[in-house]
Amino acid sequence: LDWKQNYMKQVIRRVDDNDSESGPVLLNKYGDLYSVYNCARNLHGKAENGSLPHFIVAGVHKGGSTALFGYLSRHGHVRPSVCKETNFFTEEKLYAKGIQYYRRHFPDLSTAKELHHMITGEGTPNYIRNPIAPLRIRKMLPNIKIIISLRNPVQRFVSHYVGQVENKGLKVACNEYFEEDFQALDSCVSAYSYPERNKEKFLKMEEKRAELYSKLDKCNSSLAVLDEAPRHQRQIVGASASMYDPRYRVIKGPARARAKGCLLNMDNRNPNNDSCIVHECLSLNPESPLSRGVYVDQIERWLEHFPPENIMVVQAEHLYANTSKTMQDVAEFLGIRPYNSDELREFESTFKGSNHTSNPLELTCNKIRSRLEGFYQEHNELLYKLLRKNWPDRFVTVPDKHNLWM
């Protein structure tokens, strides 16, 4: 094979006729075909002899993960999974197929030359917000490197909305989309704040919470840590040791509530602590468009199971503005050589995922931008504290309070 020709080759082919964001099927210099979705097709005829991944790009949705994974796949020492988003650790029917099925998503590096210099990985952005994913990943891949790409949560929400209109047939205006999600959150908060007035809603939320925590306890018990605090606990600035009492199953408690001193054992909750209840409701609705942008809870959940040195947080805005520098930092984090000049030049032709920045639909969200900024302000401030505490060398600048983003 002419590796230079193959490295540049892009076979533009729809991966899923119902999803316009599937993107091209790509071919790297090793002859590896990979795409964003449609693992089943790419796995057809593949033997169960792949190597387990060295890294996972765990999020966030609409946060630059596709571009980051594409840039990684340009590196000569990275051989990607057959599809970026395997969804293995979050889809029950896939996880039930076991480790051998998961191995089929990756190339076999056991016979590769200079094996210690070759790595492989995947990139499923819904891992970051799923409370089950970090437990399952720790069980199977305790030494995995986790990369998380964050984007301004206001812009992430807007991009999410545009994607729903373009690809899922959403018919409501942006402000209506926001109001619907905000009202659902408000309804949950009201049910927990005044259960005697919202008995039916309260009981439904309690049932949902019990179901979620039952799954967490089951997964946790399989790791033999049900009655002890996670190994890699990292407290947010201002949190006291008593807030991590293992009796309260710390994997359940959202970060902001713990930082404010609220024990999220709901039997002992303080009904007057609105922040506690808000974050409990956010944790019960991880698929909510608003909840997806509350990064502090999601990242701390991963810190409960992996040490900071195994996690790299990348800001999508920096990735796009200074791609080469950011990806050289990622390469260093993964322990592979720096990108060479040929590889860096290939970034221009890399598939970067959906781009809604010039879509007129974005303008329809202008009227709610100030409300979105207000919603995320306190969450972002706690995020800064968490990032600076665990990665002081990378996050040292005090955020602009007017910008509310790094």
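Salt bridges and their exposure

Analyst: Arg345 is exposed, its relative accessible area being 54%. This is a predicted model, in which local features need pLDDT of at least 70 and side-chain atom pairs count only at pLDDT 80 or more, while totals for chains, interfaces and linings use all residues. Residues are numbered from 1 along each chain as its sequence is written, and side-chain values use heavy atoms, with hydrogens and water left out.

User: Why is Arg345 called exposed?

Analyst: Exposed means over 50% relative accessible area, buried under 20% and partly exposed in between (1.4 Å probe, protein chains only). Arg345 has 54% and is therefore exposed, whereas Asp342, at 30%, counts as partly exposed.

User: What makes the contact of Arg345 and Asp342 a salt bridge?

Analyst: The term requires a side-chain nitrogen of Lys or Arg within 4 Å of a carboxyl oxygen of Asp or Glu. The N to O value for Arg345 and Asp342 is 2.3 Å, so the pair qualifies. Both lie in helix H15 (residues 341–345), three residues apart, about one turn of the helix; helices are DSSP runs (H or I, at least four residues), numbered from the N terminus.

User: Why is Arg136 called buried?

Analyst: Arg136 has a relative accessible area of 10%, so it falls under the 20% limit. Its side chain meets Glu92 in a salt bridge at 2.9 Å, N to O. This pair links distant parts of the chain, with Glu92 in helix H4 (residues 92–95) and Arg136 in helix H6 (residues 133–140), 44 residues apart. Glu92 is partly exposed at 48%.

Note on methods:
Helix = DSSP H or I, 4+ residues; strand = E, 2+ residues; numbered from the N terminus.
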